[in-house]
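I kept these notes while looking through one protein chain. Each entry records what I looked up and what I found.

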Amino acid sequence: AITKLHGEIDAVQVMINDNPLQQNRAQALGKVIDAKIDELKDGIGAIRQETAEQAVEDYRSGATRATANEIRSAVDEMIEEEEQLFEIRTADMENMVRMTVLLFVSLLLLFLGVMTAYFTLASRNVKLRNRMLNELVEANAKTERADKCKGDLLNYLGRVLYDPLSRVTTSTDLLLMRADNVLAEKDQ
């Protein structure tokens with residue numbers, strides 16, 4: 001039982017490894033428990049030596065109760081401390097959960113805001129590109145109409161000027177083909 005008790009004290013030491021105050025209390029509790037074990041051993045030794053009256057007298061005087069009360073008091077203090085720490089850790093955990101949820105909701109709202117802005121700008125960009133494309137199509141159509149008008153004008157001018165110019169050219173060729181190659185003043 002004593003070995004098991006020391007194993008339990010070691011297990012408690014491991015569980016409270018993050019709390020120096022509780023570690024000090026556990027060490028003090030271990031010393032008090034060792035003192036109680038020594039008292040019990042002394043009582044058992046006294047009974048074995050047939051001085052049971054002395055052991056009974058010690059028990060009646062309350063000397064052994066003081067150690068037991070000290071152990072109970074130390075254990076109660078440790079339990080109270082752990083309950084307070086548990087409440088603090090629970091409150092911290094609840095705060096962490098609240099902060100995590102708040103952060104998640106904030107990030108979600110930020111994401112939705114960014115996506116809304118992106119799609120709004122993309123929609124405006126598409127509208128702008130469509131308007132510019134329509135303007136380019138109209139400008140291209142105007143250019144093609146102007147090019148066609150220019151071609152039609154040049155064709156018309158070519159037909160209109162062809163007849164008079166061809167007469168002039170033909171007359172000039174005939175004059176230049178004269179055999180004597182001398183032009184009269186009127187021909188010049």
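The entries below go from the overall fold to single residues.

**Entry 1. Ground rules.** I noted that this is a predicted model, in which local features need pLDDT of at least 70 and side-chain atom pairs count only at pLDDT 80 or more, while totals for chains, interfaces and linings use all residues. Residues are numbered from 1 along each chain as its sequence is written, and side-chain values use heavy atoms, with hydrogens and water left out.

**Entry 2. The fold.** I counted the elements and found 4 helices and 0 strands. Helices (H or I, at least four residues) and strands (E, at least two) are DSSP runs, numbered from the N terminus. Along the sequence the pattern reads α-α-α-α.

**Entry 3. Surface and contacts of the chain.** I looked up how much of the chain is buried, a term that means under 20% relative accessible area, with exposed being over 50% and partly exposed in between (1.4 Å probe, protein chains only). Of the 188 residues, 12% are buried. The chain exposes about 15,800 Å², and carbon and sulfur atoms supply 61% of that area. The areas come from the Shrake-Rupley method with a 1.4 Å probe; for residues, only the protein chains shown count as cover. I then turned to contacts, meaning heavy atoms within 4.5 Å. Among contacts between residues at least 6 apart in sequence, 66% join residues at least 24 apart.

**Entry 4. The nonpolar core.** Which residues make up the largest nonpolar core? I listed 10: Ile 9, Ile 16, Ala 26, Leu 29, Val 32, Ile 33, Ile 37, Ile 71, Ala 74 and Met 78. H2 and H4 are the elements that give two or more residues to this core, and H2 gives the most, with 5 residues. Such a core is a set of buried Ala, Val, Leu, Ile, Met, Phe, Trp, Tyr and Cys residues joined through side-chain atoms within 4.5 Å. As background, I wrote down that nonpolar side chains tend to be buried together in soluble globular proteins.

**Entry 5. Met 78 and Ser 73.** Met 78 is in contact with Val 12, Ile 16, Gln 22, Arg 25, Ala 26 and Leu 29. I also checked Ser 73, which lies in helix H4 and is partly exposed at 34% relative accessibility. From Ser 73 to Leu 29 the C-alpha to C-alpha distance is 9.4 Å, although the two are 44 residues apart in sequence.

**Entry 6. Salt bridges.** How many salt bridges does the structure hold? I found 5, where a salt bridge is a side-chain nitrogen of Lys or Arg within 4 Å of a carboxyl oxygen of Asp or Glu. Side chains of opposite charge can pair when their charged atoms come close.

- Asp 18 and Arg 89 meet in a salt bridge, at 3.0 Å from N to O. This pair links distant parts of the chain, with Asp 18 in the loop between helix H1 (2-15) and helix H2 (20-48) and Arg 89 in helix H4 (residues 63-176), 71 residues apart. Asp 18 is exposed at 56%, whereas Arg 89 is partly exposed at 38%.
- Arg 25 and Glu 81 form another salt bridge, their closest N and O atoms being 3.5 Å apart. This pair also links distant parts of the chain: Arg 25 is in helix H2 and Glu 81 in helix H4, 56 residues apart. Arg 25 is partly exposed at 22%.
- Arg 98 and Glu 94 form a salt bridge with closest N and O atoms 3.9 Å apart. Because they are 4 residues apart in helix H4, about one helical turn separates them. Glu 94 is partly exposed at 42%.

**Entry 7. Glu 81 and Asn 19.** Is Glu 81 buried or exposed? I found that Glu 81 is buried, at 14% relative accessibility. Leaving out residues up to four places away in sequence, Glu 81 touches Asn 19, Leu 21, Gln 22 and Arg 25. I next looked up Asn 19, which sits in the loop between H1 and H2 and is buried at 9% relative accessibility.

**Entry 8. Aromatic rings.** I found 1 aromatic pair. Tyr 118 and Phe 119 form this pair, which is edge-to-face, with 5.3 Å from centre to centre and 70 degrees between the planes. Rings of Phe, Tyr and Trp (its six-membered ring) pair if their centres lie within 6.5 Å; planes under 30 degrees apart count as stacked, over 60 as edge-to-face and the rest as tilted.
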